[in-house]
Number of protein chains: 2
Amino acid sequence: MRKRQLLLSLLAVPMLALAGEVASPNGNVKVKFYCDAQGRPTYEMTYKDRPVVLPSHLGLELAKDKHASFGLNETDLMDRFEIKKEETSTFDETWRPVWGETATIRNHYNELAVTLGRQWQEVRSAEGGAIGQNIRFYERTILIRFRVYDDGIGFRYEFPQQQNLNYFLIKEERSEFRMAGDHTAWWLPGDYDTQEQETQQTKLSEIRARMQQAVNWGNSSVAVFSPTGVQTSLQMKSDDGLYINIHEAACADYATMHLELVDAQTKALTTELGGGSNAYTPNPAPSDWPLPQPLTFVSHLTPDATGLKGAMQTPCETPWRTVMVSDDARDMLSSNLILNLNEPCALDDTSWIHPTKYCGVWWEMIVGKSSWNYTDEFPSIKLDNIDWQKVKPNGRHAANNEKVKRYIDFAAKNGLDEVLVEGWNVGWEDWANMWKRDVFDFQTPYPDFDIKMLNDYAHSKGVKLLMHHETSSSTQNYERHMEKAFQLMNRYGYDAVKTGYVGDIIPRGDHHYSQSMNNHYLYVVKEAAKHHIMVNAHEATRPTGLCRTYPNLVGNESARGTEYEAFGGSRPDHTCILPFTRLQGGPMDYTPGIFVTRLKEWSNNDSWARITIAGSLALYLTMYSPLQMAADLPEHYERFDDAFQFIRDVACDWDESIYLEAEPADYITVARKAKGTDNWFIGGKCDENGHEAVVKLDFLDKDRKYECTIYQDAKDAHYETNPQAYVITKKTVKAGQTLKIKEAPGGGFAVSLMAL
Amino acid sequence: MRKRQLLLSLLAVPMLALAGEVASPNGNVKVKFYCDAQGRPTYEMTYKDRPVVLPSHLGLELAKDKHASFGLNETDLMDRFEIKKEETSTFDETWRPVWGETATIRNHYNELAVTLGRQWQEVRSAEGGAIGQNIRFYERTILIRFRVYDDGIGFRYEFPQQQNLNYFLIKEERSEFRMAGDHTAWWLPGDYDTQEQETQQTKLSEIRARMQQAVNWGNSSVAVFSPTGVQTSLQMKSDDGLYINIHEAACADYATMHLELVDAQTKALTTELGGGSNAYTPNPAPSDWPLPQPLTFVSHLTPDATGLKGAMQTPCETPWRTVMVSDDARDMLSSNLILNLNEPCALDDTSWIHPTKYCGVWWEMIVGKSSWNYTDEFPSIKLDNIDWQKVKPNGRHAANNEKVKRYIDFAAKNGLDEVLVEGWNVGWEDWANMWKRDVFDFQTPYPDFDIKMLNDYAHSKGVKLLMHHETSSSTQNYERHMEKAFQLMNRYGYDAVKTGYVGDIIPRGDHHYSQSMNNHYLYVVKEAAKHHIMVNAHEATRPTGLCRTYPNLVGNESARGTEYEAFGGSRPDHTCILPFTRLQGGPMDYTPGIFVTRLKEWSNNDSWARITIAGSLALYLTMYSPLQMAADLPEHYERFDDAFQFIRDVACDWDESIYLEAEPADYITVARKAKGTDNWFIGGKCDENGHEAVVKLDFLDKDRKYECTIYQDAKDAHYETNPQAYVITKKTVKAGQTLKIKEAPGGGFAVSLMAL
């Protein structure tokens, strides 16, 4: 290699006065874009002329790449930019989701696309020459695209293919969101590996003080990176009543974004964990970039095992960064902004994708009454070394023929489509928290689970089994077995799989929300689609609307689900927050429907669910999902069969959805019209303070009458002291009437309106 | 989680006087084992009562594991051991390799298996109690097994399944090899990602001073970790004429071992690169363990992306650590110790595995005259976005129908079994050094490579094509495509694949020789076996005899191969060292046979091969491999067709092999009897100083005569000035005669002895 001396110096760029501005179709939302005096890309956002995002910078910091050829190890994509071109356009189309809250979705926005150029020069001595003899100029072009909707904006970075920007490594994305006030925020501690914490509600300025408590809460944090780092989707409310939500859309082969708040005490932005590889040491941390103003969120991506945030090849683009806004909280819930920012459906045939109601052999293991594993005989197991016919059963294995048949019978009798069975396959003896690579083969049933017989039995009753693939986060192992696992599913007639990613990732050192893991999750969805398999991924990264493009991604967990009711419980307002936060990116397999909330009644578990039965019914409406579980035991539903009637009746796919009432962490009331029918269902859920819902039935067909069944909390119902007190009333109603329904503390209500 | 206070303290272990000793079957090699005053496992090794390994300690340092339950985060497996049991035994069997240097191999050793126990106690306060109230004792058991052969020893650690040692993480293995003198050593800089450097020859005490030069040499080092770190197999010679070799055997799901020399300047053992994950921070480096005596090698394993050296589950064991010894250098070459320490063949059917002579579309790309890639049109490509029928060819693509047919014709005419074709599949446009994940699909041929036609054409002439899978070290991508890639091979009739691992590993942060990568290489071999495919893995970890267990692993590169003759060249003594070092663990696909050594004669490449034509012929004998390439261009062989006759004739599988002369880095002479025949072939290779070989033909059948053809350097031949000067003589010989053959500087000779 030739010796060379290298100096990089920045060119003085002549600043142009160019600035772009674009308003939403109704004019309520406006975005202004310009480069500031240092050439930093800068944007501002308003809603009805009130500030939503104060002037904030955009840019990325690249990592040095040992592979980059001479002159191309410039790492700054933050300043010295010049606006090269601005283009505005309008888009308006209406599309039909394969499943969803509405039959059609309008995608209507105005767009501003700004092309930015950045030059730098490199001065080096030629072999034997003097410094300055050999000067070369380089230029890179990036593009920032804004789409402005009536309920918010999306923007992203685009990197065209070009000689001087071909492959690059991301040290950090530096997208800023400078808030206009000290808003109230509903937030989770930023974490590279979990999003199952309880939501915190504080002012922005109080995040730092609350962080330690938030992290300790329920012991569910894993890899927290900053005292002011939070997750998206982040719901906020300003003192003057603006609802603002920051999230992202279409995060596919890119790291999941967190937000790090610059507050009065911030001295430096927390970078990452330190590189693990000698090949790449991208972190001369902390970055010497100047801190933005206080109350500014800065993007913070999830690193991979090397500490890098992304490895990119042009042409490419980042996910959309979204800021939703309204002065009406209901608009936060009815917004389709994130779905609209995703690409159209990529599957030619979607006829095999169907909304699904299911029950499953699951809750009794979560509660601890029975086990996923078949034997307790060994301190650990190696799959190749065990003769499962000869091992000693522990007598607590739930996924046995008798029990599964019981669930199949229950599903068939109650019109449920599928039965999930967890613990059907060998490997559960030491599956969790061992960082074990070869943990499951996804092929071999336990001896007491007759896979052929049970599938045949289910099919004979019009029911399907729902497959379960816990990966234990050994994604390498899963990818090795996946094709054969899907073939097995096809062979026996499964059409949906619940996947799981509990524990530390293998390949070791990686994180749940890194670029490579996000690629893995989508790889699974795409491979599953080839086999006509629907995917419901648990512990995977939080959704960002990719279900528009891959509608076989019918569900995700990616938040604190019902299982936590058996792990100490969740607060009563939890489900009044999730629709504003977690559900923005796509449906959650929340697994509602716990009727016997005191687990002690039937197990040794002291935990209890902070919800009434009527509240549980409401979740089938307020927590939209095309995949809805009836999570409690069949015998519990049989005890409350009149209430269970609502779960039998309720749809899980919709032609229309109308959010009637909403306030984050307080209450949500929604009416939905079942797909292809004139039947409506209404759900209302409230927090620990109770609520009186006022439901004007003006959405009903004016020419029809409806048989109305109301499932509501009894007068003395209470999530703690009297959760099973409900009242069911029936009457005939018509359009224009008003229902006033009292919801108990931690309660709710459900209504079915069957067209007569 | 309950709060607890934790103190670990070591028990005073009553030291037992137990000590074990075991000698090899002929008594030449002896091993003594005991625990020293600190309870450190200690061994010594002698050869004919001369010291080979002075008292050296054994042990492992574990990493703290956040998953370990209370009391089980004790990380010391180094001292305070007590000998619990000693067992000695004898083993003697003769087995038949599927292919090899001899028809049968005798595995004869005496064994000493020592069971060691280590107790520790943990003192903690109970909830509210005083410290000391709650004491628990723990014990772990490990086993160290020695096998003592007449030509060396192997030992390994075994970890039985037990309550207190179930899953564990290795921070470092601390196996010591204390040398008895300042030996001459032939070494490569220790490196986590390459073994393609030139060998250094120095005294042990000179390693540190030579390291920087060694690392710079030819720019081939990638991830060097210590100023005294070297690779195995490490060949040494003592001042009093003992040949000593340290390597390992049966390294499967474990990190590759390097050796770090403690010399007079060593202040601390270099640990690793720093953890990349917050989940595991195993490195309070440097270790505070006391340094051993100078001139002691200490094992240094290859880390993964987190800096960890291994994740283990009991029952398990380490690879064998081997020390070969003799006072005759030829014994180093004829030893089967490493193969013997591997497990017997794991494949039921090996009928499809066959030694192979091949040529290939390869050397002209290495030299730079033609290209692997088909087009130069794009700065980079994404496989999904290219219509290969429409791109502009660069006109230099070698793997085209016409050229491949030419090679097939050449192979058919000359009795070569297969034709390797590199660059047949799309993706070569930006395959290397981009850290690109989705780099190849291993499915799609370039438009000018008609895969069906070419395979049909080859088969019609009794020849097979040899598949090529360059992974660009994106093992994740390879594992995703491998099954379909093997299916494609089966479909078209390929039965062997050359794999490649150029560049940085994906999953990012991992290293070529880590536990996870070693698992990957073997995974490929096992999956290939299911498809009856032989594997020849380049840039993979150095072999450790696993080809005994998986004989479809017919070759590896794992050292500086012939390609370096086009990258600046290798020293003339290079091939007189490799059989002592790299070849100890298994055959190398060295790709010999360069006849036109001055590349400038037919290309723009200034490099030249430092070897004569007669020397090139010798390599087919001295560099044992069941896979032998004739690497030069057909037209070059046609120019020297009389010399090429030897390559046509020479076998590549053997019933018998006799090393006649040997001295590391000087010369090697070997005679081999072709499998299932009475024909013998002899090869002699020397360094830059020339050599006169004296070959007593006393191994021939006394009742037969042989047609003897001698290919030798002409009198004035020289690797630099006159490499193509050779003389071919024919005569009839019989047992008892002696051949005296002069080898030119950088030359050699080859002899065929056809039984009459």
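Let me begin with the two chains: chain B can be laid on chain A with an RMSD of 0.0 Å, by a turn of 180 degrees together with a shift of 0.0 Å along the axis. That is the relation of a two-fold axis. The same surface serves both copies, since 100% of the contact residues of chain B recur in chain A. Please keep in mind throughout that this is a predicted model.

Now to the sheet in chain B. Seven strands form an open sheet there, in the order 29-28-27-26-25-24-30, and their pairing is parallel. Which strands stand at the edges? They are strand 29, residues 553-556, and strand 30, residues 627-629, and each has a single partner strand, so one side of each is left without a neighbour in the sheet. From one strand to the next, the twist averages 25 degrees. Against this sheet packs helix 7 of chain B, residues 475-492, which touches strand 26 (464-470) and strand 27 (496-500) of chain B, and whose direction makes about 170 degrees with that of strand 26 of chain B.

Turning to chain A, we meet an open sheet of seven strands with parallel pairing, and its order is 29-28-27-26-25-24-30. Here I would point to strand 26 of chain A, residues 464-470, and strand 27 of chain A, residues 496-500, which run parallel and are joined by four bridges. A:His469 stands opposite A:Thr499 in strand 27 of chain A.

My last topic is a helix pair in chain B. How do helix 5, residues 401-414, and helix 6, residues 451-460, cross? Their axes come within 10 Å and cross at roughly 15 degrees; an angle under 35 degrees counts as roughly parallel, and helix 5 and helix 6 of chain B are therefore roughly parallel to each other. The crossing of these two helices is right-handed. On the side of helix 5 of chain B, the residues in the contact are B:Asn401, B:Val404, B:Lys405, B:Ile408 and B:Asp409, and they meet B:Met453, B:Leu454, B:Tyr457 and B:Ala458 in helix 6 of chain B.

Key: Residues are numbered from 1 along each chain as its sequence is written. Chains are lettered from A and ligands numbered from 1 in the order in which they are written. This is a predicted model: local features need pLDDT of at least 70, side-chain atom pairs count only at pLDDT 80 or more; totals for chains, interfaces and linings use all residues. Side-chain values use heavy atoms; hydrogens and water are left out. Two strands pair if DSSP finds at least two bridges between them. Axes are lines fitted to C-alpha atoms, for helices over the stretch in contact, and angles run from 0 to 180 degrees between N-to-C directions. Contact means heavy atoms within 4.5 Å. Copies are superposed by least squares on the C-alpha atoms of residues with pLDDT of at least 70 in both. Angles under 35 degrees count as roughly parallel, over 145 as roughly antiparallel, 65 to 115 as roughly perpendicular and the rest as oblique. A crossing is left-handed if the near helix is turned anticlockwise from the far one by less than a right angle, and right-handed if clockwise.
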